[in-house]
Amino acid sequence: MPKSTVEATYRMPYYRQRTYDATTVEEACRCAIEDDDCESELADYECAGPTYITGIWKGADTAYAGEAIAVPPHCQDTTRRMVDHFREMLDRLAFVAQPMGLSKVDFERWLPKAIAAVGGQGDCRRTPRPAG
């Protein structure tokens with residue numbers, strides 16, 4: 001019977017509780033996000049994410065060395081699939097918005113609502129740092 005080496009992954013969230021000096025809630029959040037000290041972080045075992053497949057290779061014990069096999073989409077990370085799907089939907093929305101027959105007035109009324117719906121409020125994500 002053919003053998004395959006499969007790499008399965010799950011996400012383990014970590015948390016920390018710290019006090020920050022800040023004049024606003026937003027500033028306190030920013031301080032917490034930018035805090036690089038991981039010394040007191042704790043694993044949140046109750047919130048581990050679902051297992052998904054990150055790699056498959058032909059043969060036994062061949063991870064990253066053997067012939068790679070494409071991971072079936074339904075076995076990949078759900079969050080990644082949702083992000084990719086969202087981008088695709090956004091592209092399609094942008095493509096059809098103008099030619100779908102809206103008058104200029106209706107389009108100008110619709111556009112800010114569409115932007116707000118996909119843009120959200122605020123941004124607490126950390127800007128990724130370049131590797132190295």
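Me: Which residue meets Arg-11 in a salt bridge?
Reply: This is a predicted model. In it, the side chain of Arg-11 joins another side chain at 2.9 Å, N to O. Side chains of opposite charge can pair when their charged atoms come close. The partner is Asp-77.

Me: How many residues apart in sequence are Arg-11 and Asp-77?
Reply: Arg-11 lies in the loop between strand E1 (4-9) and strand E2 (14-15). Asp-77 lies in the loop between strand E5 (68-69) and helix H2 (78-97). So the pair ties together parts of the chain whose separation in sequence is 66 residues.

Me: Is Asp-77 buried or exposed?
Reply: Asp-77 has 12% relative accessibility. Buried means under 20%. Therefore Asp-77 counts as buried.

Me: Which residue forms a salt bridge with Arg-16?
Reply: The closest N and O atoms of this pair are 2.9 Å apart. Arg-16 is partly exposed, at 23% relative accessible area.

Me: Where does Asp-35 lie?
Reply: Helix H1 covers 25-34, and strand E3 covers 42-43. Asp-35 is placed in the loop between H1 and E3.

Me: Why does Asp-35 count as buried?
Reply: The cut-off for buried is under 20% relative accessible area. Asp-35 falls under that cut-off, so Asp-35 counts as buried, with a relative accessibility of 17%.

Me: What is the N to O distance in the salt bridge of Asp-35 and Arg-18?
Reply: The side chains of Asp-35 and Arg-18 meet in this salt bridge. The pair links distant parts of the chain, 17 residues apart. Arg-18 sits in the loop between E2 and H1, and is partly exposed at 27%. The N to O distance is 2.5 Å.

Me: Which backbone nitrogen lies 3.0 Å from a polar atom of the side chain of Asp-35?
Reply: The side chain of Asp-35 also has a polar contact of 2.5 Å with the side chain of Arg-18. The backbone nitrogen at 3.0 Å belongs to Asp-37.

Me: Which residues does Asp-35 touch, not counting residues up to four places away in sequence?
Reply: Asp-37 is linked with Asp-35 and Arg-18 in a network of salt bridges. The contacts asked for leave out residues up to four places away in sequence. They are Arg-16, Arg-18 and Tyr-20.

Note on methods:
Residues are numbered from 1 along each chain as its sequence is written. This is a predicted model: local features need pLDDT of at least 70, side-chain atom pairs count only at pLDDT 80 or more; totals for chains, interfaces and linings use all residues. Side-chain values use heavy atoms; hydrogens and water are left out. Helices (H or I, at least four residues) and strands (E, at least two) are DSSP runs, numbered from the N terminus. Buried means under 20% relative accessible area, exposed over 50%, partly exposed in between (1.4 Å probe, protein chains only). A polar contact is a pair of N or O atoms within 3.5 Å; within protein, one must be able to donate a hydrogen and the other to accept it, and residues adjacent in sequence count only if both atoms are side-chain atoms. Contact means heavy atoms within 4.5 Å. A salt bridge is a side-chain nitrogen of Lys or Arg within 4 Å of a carboxyl oxygen of Asp or Glu.
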